[in-house]
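Me: I have a two-chain model open and would like to talk through how it is packed. Could you take my questions one at a time?

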Amino acid sequence: MSIDMEQFHQVFFEESFEGLDVMETGLLNLDSGEADNEEINSIFRAAHSIKGGSGTFGFQNISDFTHIMETLLDEVRDGVRDLTHDGINILLKSVDCLRMMMTATSEGGEVDEDEVKTNFEALQNILDSDASAETVNDTPVVSDASDQPAAGWKIKFTPHKNFMQFGNDPVRILRELSGLGELKGQVDTSKVPDFDELNPEDMYLSWDLELAGEVTKAAIDDVFAWVEDESDITITPLNSADKKSEAPQQTPSSTAKKPTASVVAPVAKAAEKKDKAPAASSSIRVGIDKIDDLINMVGELVITQSMLSLLGEDFNMSRLEKLQEGLIQLDRHTRELQESVMQIRMVPISFTFSRFPRMVRDLSAKLDKKIELVMHGENTELDKTVIEKIGDPLVHLVRNSVDHGIEMPEDRLAAGKPETGTIQLNAFHRGGNIVIEITDDGKGIDKDIIFQKGVEKGLIEAGAKLSDQQIYDLLFNPGFSTAAEITDVSGRGVGMDVVKKNIMSLGGAIETHSVKGQGTIFSIRLPLTLAILDGQSVSVGEDNYIIPLVSIVESVRPKKEMLNMVAGKGETYKLRDEYLPIIRVRDLFNIPDAKADLLEEGLLVVVEADGKRFGVFVDDLLGQQQVVIKSLESNYKRIKGVSGATILGDGSVALILDIPSLIRMSD
Amino acid sequence: MTVETHSNGTDELLDVDADLGDEYLTFSLAHEEYGVDILRVQEIRGWEAVTRVPNSPDYVKGVLNLRGAIVPVIDLRVRFNLPLEEYTSLTVVIVLAVKDKDDGRERTISVVVDEISDVVKAKLSDIQTTPKFGSALDTEYISGLADAGGKMLMLLDIDTMLRVSEMKQM
């Protein structure tokens with residue numbers, strides 16, 4: 001019987017990465033002095049599960065590495081050791097190192113052995129340093145042998161005959177023991193029968209081991225924790241004379257043994273190393289309440305459906321009202337179900353935010369700055385794909401704020417600001433969008449410098465008149481950097497253009513506000529979900545287009561006398577006190593058969609994007625509906641002014657207008 | 001409109017080890033015969049109205065809904081600069097799997113042709129290389145010439161012909 005272990009690897013890695021996050025958060029909390037025992041315990045538990053899992057799956061290097069971390073954490077937990085700031089730094093680095101090892105293992109990459117070694121030694125150094133002396137006084141001395149490291153241990157390890165049938169592997173245990181200290185020993189092969197009587201699934205060996213080094217009994221017990229029922233284990237300290245046996249000595253239970261005639265093929269354990277590519281599919285954790293909601297809703301749907309089919313069996317016009325009622329219910333349930341299913345894809349943005357405390361802490365230490373990170377709205381939910389793609393842009397922006405935004409402490413004091421700078425991360429809903437704001441109270445962006453830089457780079461004319469927003473937009477040009485010197489944190493001008501590109505590809509936008517000397521706000525606006533939107537369908541000629549409802553302000557039937565021309569070409573429409581530029585879809589998309597030519601023949605849909613209002617001129621309004629967004633790019637290409645396509649009720653395709661890009665096209 | 005295949009049945013039965021060649025779906029365009037590797041053909045549908053896509057090359061008629069996927073429709077007459085003709089009841093759309101040479105992705109693209117002719121087997125040895133016509137005619141997307149019942153068959157290299165990067169050049 002062999003189980004394909006690969007299927008569990010994915011789960012193991014996912015859980016381990018989560019465990020690493022837990023450890024990281026915990027360590028950061030310890031650092032800021034908010035630690036309590038529970039915090040240390042949760043770090044310890046995370047390390048322990050990673051060790052256990054990696055040992056089981058045969059990732060020996062990970063298991064060894066985690067083991068030493070665990071040992072250190074164990075001492076901290078027991079109060080024998082205080083965790084210093086440096087200690088936490090080393091542990092944090094070790095978490096990174098572990099993450100690197102795990103990524104390498106799961107994706108089949110190279111493990112940076114030097115890195116592992118450095119961290120391993122650093123951990124070992126802490127363990128070797130005798131820090132316990134200071135804390136000995138306040139911890140009550142427990143005279144239990146299991147807590148006191150002895151100079152060494154003598155271990156007699158006699159696995160039962162059926163040891164391997166439970167999936168245990170003595171080699172793993174020996175390997176783990178050798179990770180604790182210097183392991184010497186002898187194997188007792190006297191019970192091994194003649195070859196023709198040997199059953200390869202039975203266990204005939206036992207070991208007499210000597211483990212040298214400062215190892216606690218508890219650590220050894222840990223190693224044997226899984227196998228104590230299937231083996232006899234005697235552990236005695238090397239220096240003590242009395243033979244104190246821990247596990248009850250049992251006589252081997254198997255007496256009758258049927259010799260097997262045929263030799264069964266040995267279970268190939270080591271041969272299971274496969275060079276399979278890691279499974280690319282990612283999974284998502286869904287709260288049980290969301291699933292319950294779904295099940296409820298499906299239940300309702302089924303009830304409605306059976307009601308309708310009952311109605312259909314014996315239908316006459318007198319029951320029309322009931323039918324309509326049923327259809328309305330069906331409609332409502334379907335919509336609710338759809339919303340719930342979409343909810344499954346929604347994950348809180350804290351998944352992305354959680355990495356920032358660490359990043360800001362490390363960066364500010366590196367740059368000798370004092371920075372406090374404040375986060376709000378971590379529970380704001382976003383589509384998983386959006387969350388994944390927004391991570392990198394946010395990292396860039398936060399880095400920028402740390403590096404360029406916040407000044408050095410002495411500069412801040414000189415400017416009359418508190419020594420510690422503040423960076424705020426804010427996530428909240430606004431309309432159909434999620435807004436993420438990165439605010440710093442640093443020195444702000446100097447518009448003049450950017451303007452000059454823009455002229456230097458030939459992006460703008462020397463005498464050009466630009467609005468603030470246009471000047472800030474220069475920042476997002478490739479290769480644009482105003483940092484006087486390039487640091488390894490930022491300043492190479494790579495990044496900001498990528499930030500903008502990523503955000504645009506998600507259908508979002510980024511705005512910059514800054515006051516010199518007071519700080520900067522980067523505000524990212526993202527659609528809630530990428531899969532579905534509420535749309536208004538409009539017709540231009542033979543074609544139907546969908547305008548996202550979120551960008552529509554209102555629709556008006558234009559009056560001729562409100563039309564004004566700018567220089568004979570640009571059309572504007574006076575709506576109340578505002579002059580709206582008119583965008584004719586017919587002209588932008590070269591639609592030859594558009595019906596409406598004169599303004600009063602068609603309709604004007606007033607849209608808003610990037611803070612500007614425009615009138616989109618179409619032939620007719622059709623109706624509102626929810627549409628599922630389909631990609632045009634997957635088989636074709638990206639079309640300017642179109643964000644995607646959708647399939648209408650009759651099976652035909654309609655294109656979804658991308659209002660911000662339409663506005664840019666008409667510029 | 002059946003076209004004779006190049007070999008008769010008995011020959012094939014006797015000569016099992018022979019180079020049987022690939023099968024090609026042949027279709028006609030302005031009385032010329034073209035063939036595409038049949039393994040690339042996903043489906044053949046009748047012509048129906050498509051949704052026009054703005055700012056696309058003239059040979060892209062629009063997009064259609066293929067069971068939920070949005071697939072571009074390319075008129076091969078326009079693509080090959082052949083005289084245009086009204087679409088009739090015989091006009092068909094061939095849905096093809098195309099491998100994008102630029103990003104290695106597989107795409108689904110459909111082409112409009114006059115009518116489907118036949119399925120033809122062409123041995124590798126029977127396929128001639130495409131002659132060069134100088135700058136007057138671009139033959140890059142014709143992978144070879146074969147004979148189909150006395151009529152010349154142009155075998156299309158659809159990966160080259162339907163390059164998306166080309167469609168992107170506007």
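Reply: Before we start, a word on terms: two residues are in contact if their C-beta atoms, placed from the backbone, lie within 7 Å. Please also keep in mind that this is a predicted model.

Me: Fine. Which residues is Tyr545(A) in contact with, leaving aside its neighbours within four places in sequence?

Reply: With those neighbours set aside, Tyr545(A) is in contact with Ser537(A), Val538(A), Val540(A), Val585(A), Ala654(A), Leu655(A) and Leu657(A).

Me: And which residues have the most contacts inside the largest nonpolar core?

Reply: They are Tyr545(A), Ile547(A), Val616(A), Leu657(A) and Val63(B), in a core that has 70 residues. Strand E22 of chain A, residues 653-657, gives the most to this core, with five residues. There is also a second, separate core of 34 residues, and Phe353(A), Phe356(A), Ile423(A) and Met496(A) are among its members.

Me: Switching to the chain contact, how many residues of each chain are involved?

Reply: On the chain B side there are 19 residues, and they are in contact with 18 residues of chain A. Strands E4 (60-66), E5 (69-75) and E7 (106-113) and helix H4 (164-168) of chain B each supply at least two residues of the side that touches chain A, and the largest share of that side, four residues, comes from E5(B).

Me: What is that side made of, by class?

Reply: The side of chain B that touches chain A has 11 nonpolar residues, five polar ones and three charged ones.

Me: Now helices: how do the axes of H3 and H5 of chain A sit relative to each other?

Reply: The axes of H3(A), residues 60-77, and H5(A), residues 113-128, come within 9 Å and cross at roughly 25 degrees. Since angles under 35 degrees count as roughly parallel, H3(A) is therefore roughly parallel to H5(A), and H3(A) passes H5(A) in a left-handed crossing.

Me: Which residues meet there?

Reply: From H3(A), Asn61(A), Phe65(A), Ile68(A), Met69(A), Thr71(A) and Leu72(A) meet Val116(A), Phe120(A), Leu123(A), Gln124(A), Ile126(A) and Leu127(A) of H5(A). By class, this contact has nine nonpolar residues, three polar ones and no charged ones.

Me: Last one: where does Arg175(A) lie, and does that residue count as exposed or partly exposed?

Reply: Arg175(A) lies in helix H7 of chain A, residues 170-180. Arg175(A) counts as partly exposed because 17 C-beta neighbours lie inside 10 Å. The C-alpha atoms of Arg175(A) and Gln60(A) are separated by 8.5 Å, although these residues are 115 residues apart along the chain.

Notes
Residues numbered from 1 in each chain as written. Chains lettered and ligands numbered in written order. Predicted model: local features only at pLDDT ≥ 70, side-chain atom pairs only at ≥ 80, totals over all residues. Nonpolar A, V, L, I, M, F, W, Y, C, P; charged D, E, K, R; others polar. Core = buried A, V, L, I, M, F, W, Y, C linked by C-beta atoms within 7 Å. Buried ≥ 20, exposed ≤ 12 C-beta atoms within 10 Å, placed from the backbone. Axes fitted to C-alpha atoms, helices over the stretch in contact; angles between N-to-C directions. Parallel < 35°, antiparallel > 145°, perpendicular 65-115°, else oblique. Left-handed = near helix turned anticlockwise from the far one by under 90°.
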